[in-house]
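Hello,

Here is the structure I promised to pass on to you. Have a look at it first, and then read my notes below.

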Amino acid sequence: MPTPRKKPSLLIPILLLIFLLLLALVGWMLYTLWCDSQQVFHDVTLELGTDTLTIQDFLTPLGNPNRASFVTDPSTLDLSRVGRSSLTLKHGTQKAVVNLIVVDTTPPTAEFLPEYTASVTDSLPQAGALVTKVQDYSQVRVYYEDSPEIPENYSDIDVTVVVEDTSGNRTKGQCLLHFTGWLKESCTVELGQSLTPEMLLTNPDRDQDLLKPEELKSISATLGEHTLTVNTGSVSAQCLVTVTDTTPPTMTLQNVHCMPGKTPEISDFVVSSADLSGEPVIRFTQELPDPYAEGAHTIALEAADSSGNVTRAEAILWISGDFNPPTIQGADKELTVQKDSSPNLLEGVSAVDDTDGKCDVAVDTSGLDLSKAGSYTVTYSAMDKSGNVATCQRTIVVT
């Protein structure tokens with residue numbers, strides 16, 4: 001009979017497998033212990049503005065993120081401020097203290113105005129007025145690289161504006177400054193009035209040489225709106241000059257004496273008239289009286305210029321056939337009076353008219369000074385009912 005074959009035993013393979021597994025386990029444990037003994041963490045430097053932080057950031061190539069964890073709560077770390085913080089990490093059985101360093105090396109982002117118009121009547125704009133948008137993770141300050149000054153001739157200048165954060169990072173921009181206000185935008189002057197530097201310039205004492213006197217004279221002599229252009233350096237400015245006329249004409253009248261039946265003309269009453277805009281128009285403002293109505297009549301006239309300004313005045317019209325003035329008596333001799341006295345200069349003076357008889361007498365003493373010794377002249381006048389006037393002068397000696 002053949003000998004039966006024995007079945008292979010599984011014990012040896014099993015034992016070999018167990019041995020290999022134990023060997024692998026021991027190797028893994030040894031490797032883990034070795035790794036834990038190595039430098040698996042390092043310090044981390046973050047840029048200001050980073051808002052996330054993971055354990056992976058702190059691991060060296062020898063570290064295993066699955067075995068690493070925070071001991072220090074990462075939510076307690078302030079990532080919004082430049083500085084250094086210490087925190088504890090764990091890798092397997094190993095703990096380590098590392099540093100988190102927050103730095104700011106990024107300059108601010110900023111947008112700048114390409115140009116800006118500043119008035120010389122105000123202070124120069126703050127540098128911040130020339131920046132429209134700024135973004136940075138820290139506080140910033142805005143300033144001029146070189147403090148600007150208004151040029152003597154008001155020409156445009158380039159300025160450099162600096163935006164700097166708390167870490168000293170800077171962003172610079174250029175802006176072109178224009179200057180205005182040295183010539184006023186508008187001015188109103190009366191017709192015939194002289195245009196002066198004070199009316200047109202902010203700094204008349206300094207800038208009056210910029211104006212042309214002949215041009216100003218021509219403008220002020222013409223009604224209406226005029227654009228005055230003034231140049232200085234490389235710039236120019238304009239002022240709207242409005243010449244107005246609010247001054248009424250001048251008109252001087254005289255009384256008129258005419259025969260019954262005769263109608264007087266306007267020119268009989270007007271001694272003179274004038275206006276800066278030209279000769280005014282003169283007219284009666286009421287109907288004239290009946291030319292046969294003898295006596296004194298009040299006549300009203302007005303003078304109007306082209307701007308509608310009106311001057312009104314009155315005169316007396318005597319309608320009468322009597323053209324003989326009164327006769328003044330008793331004022332033909334020199335009179336001596338005492339200083340500081342109060343003499344009656346009408347004493348002994350009278351007037352008689354050949355038609356009306358006795359008339360009132362008036363004396364003009366405007367040229368007499370009774371407080372000071374000297375020789376003076378006074379004027380006597382008398383008027384009859386027909387408007388005929390007589391005058392005479394008398395010497396008054398004050399002693």
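Please keep in mind that this is a predicted model.

Four strands form an open sheet in the order β6-β10-β9-β8, and their pairing is mixed. At its edges lie β6 (115–119) and β8 (140–144), each of which pairs on one side only. On average, neighbouring strands here are turned by 35 degrees against each other, with direction ignored. Within the sheet, β9 (residues 157–165) and β10 (residues 170–180) run antiparallel and are joined by 8 bridges.

**S155**

Between β8 and β9 there is a loop, and S155 lies in it. S155 has a relative accessibility of 11%, so this residue counts as buried, the cut-off being under 20%. Its side chain makes a polar contact of 2.9 Å with that of N153 and another of 3.4 Å with that of S234. Leaving aside neighbours within four places in sequence, S155 is also in contact with F179, G233 and V235, among others.

**A304**

A304 belongs to strand β18, which covers residues 295–304. With a relative accessible area of 12%, A304 is buried too. Which residues does A304 touch, not counting those up to four places away in sequence? They are P249, P280, V281, R283, N309 and V310. I282 is 22 residues from A304 in sequence, yet their C-alpha atoms are 6.5 Å apart in space.

Enjoy exploring!

Best wishes

Notes
Residues numbered from 1 in each chain as written. Predicted model: local features only at pLDDT ≥ 70, side-chain atom pairs only at ≥ 80, totals over all residues. Heavy atoms only, no water. Helix = DSSP H or I, 4+ residues; strand = E, 2+ residues; numbered from the N terminus. Buried < 20%, exposed > 50% of the residue type's maximum accessible area, 1.4 Å probe, protein only. Contact = heavy atoms within 4.5 Å. Pairing = 2+ DSSP bridges. Axes fitted to C-alpha atoms, helices over the stretch in contact; angles between N-to-C directions. Polar contact = N/O pair within 3.5 Å; in protein donor to acceptor, adjacent residues only side chain to side chain.
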